[in-house]
Amino acid sequence: MRTSHTPEDLDNIPAEWWQEFDAAARRPLATRFRYAFIHTYKPVLDDARYRAFTTMKEYRDWCDRNLPSWLGYGRV
Amino acid sequence: MGAFEYRQATEIRDALARHGVKYLFLGKSGAILLGFPDTTQDADLFVEKSSENGRALADALKELGFELTEEQCEDLERGKDLVQLKNGPFDLDVIYAPDGIESFADAWKRHVEVEGFPVCHIDDIIASKEAANRVRDRESLPRLRAFREWLRNRQP
């Protein structure tokens, strides 16, 4: 498994993130769900009710070719 | 199509358990189950790849109201790497081979349970996003890594 953890990460964590994590932990799971899951229309991606890709590479290539870049599905 | 609700999450958890489907929540939906405060649009399920497991998944999804043709059920049974479902009560991505995770068995060994929801370990969620290397993943990774630190500090 590839991870990119470095010890200095901890020092760079904004205090407000830590506070948000603490606050989220105090909420029941059902409340966390209500805050977390949203639905907005995503062009192209939401225009088919079903898609299947034989490989992840096929999926990534499809995203690169078909989705607007601002959706953020393109590879860096 | 509305947003994925807690009630629906419990329904899918219970239906998959009834049908004996072996799976894990992955992606940001998995992180949210672990306590990560953020937003997302759909649920990602990492499913063990076997024809038996895929057929059980298809049966469970039909029971939940997903309108699956026989051909689509066969896609699930064959274990295509990614199946995107928007033909049911909520959006669902079924992933058989996520980037960055060696095998389902490895992820299963590390997984955690949250109120009966089987969830990938935060290390696997981060590893899959690092490997996918999309713009949206790059944006969410610093906060996810910070959340991992928070989890480590919180656990005894």
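Colleague: Which residues in H3(B) are buried?

Modeller: In H3(B), the buried ones are B:Asn53, B:Gly54, B:Ala56, B:Leu57, B:Ala58, B:Ala60 and B:Leu61. Buried means 20 or more other C-beta atoms within 10 Å of a residue's own, exposed means 12 or fewer, partly exposed is in between, and C-beta atoms are placed from the backbone. Helices (H or I, at least four residues) and strands (E, at least two) are DSSP runs, numbered from the N terminus.

Colleague: Before I go on, what should I know about the numbering and the model?

Modeller: Residues are numbered from 1 along each chain as its sequence is written, with chains lettered from A and ligands numbered from 1 in the order in which they are written. It's a predicted model, where local features need pLDDT of at least 70, side-chain atom pairs count only at pLDDT 80 or more, and totals for chains, interfaces and linings use all residues.

Colleague: OK. What do the buried residues of H3(B) pack against?

Modeller: They pack against H1, strand S2 (43-47) and H4 of chain B.

Colleague: Why is B:Ala56 called buried?

Modeller: Because B:Ala56 has 21 other C-beta atoms within 10 Å. Setting aside neighbours within four places in sequence, B:Ala56 is in contact with B:His19, B:Gly20 and B:Val21; contact means C-beta atoms, placed from the backbone, within 7 Å. B:Leu76 is 20 residues away from B:Ala56 in sequence, and their C-alpha atoms are 9.3 Å apart.

Colleague: And what comes just after H3(B)?

Modeller: B:Gly65, which takes a positive phi of about 110°.

Colleague: Which strand of chain A is joined to S3(B)?

Modeller: Strand S1 (residues 50-53) of chain A, antiparallel and through four bridges; strands pair if DSSP finds at least two bridges between them. A:Phe53 stands opposite B:Leu82 there.

Colleague: Last one: where is the pLDDT of chain A below 50?

Modeller: Chain A averages 89, with 87% of the residues at 70 or above, pLDDT being the predictor's confidence in each residue, from 0 to 100. Residues 1-8 of chain A are below 50. Where pLDDT is low, the predicted coordinates should not be read in detail.

Key. Two residues are in contact if their C-beta atoms, placed from the backbone, lie within 7 Å.
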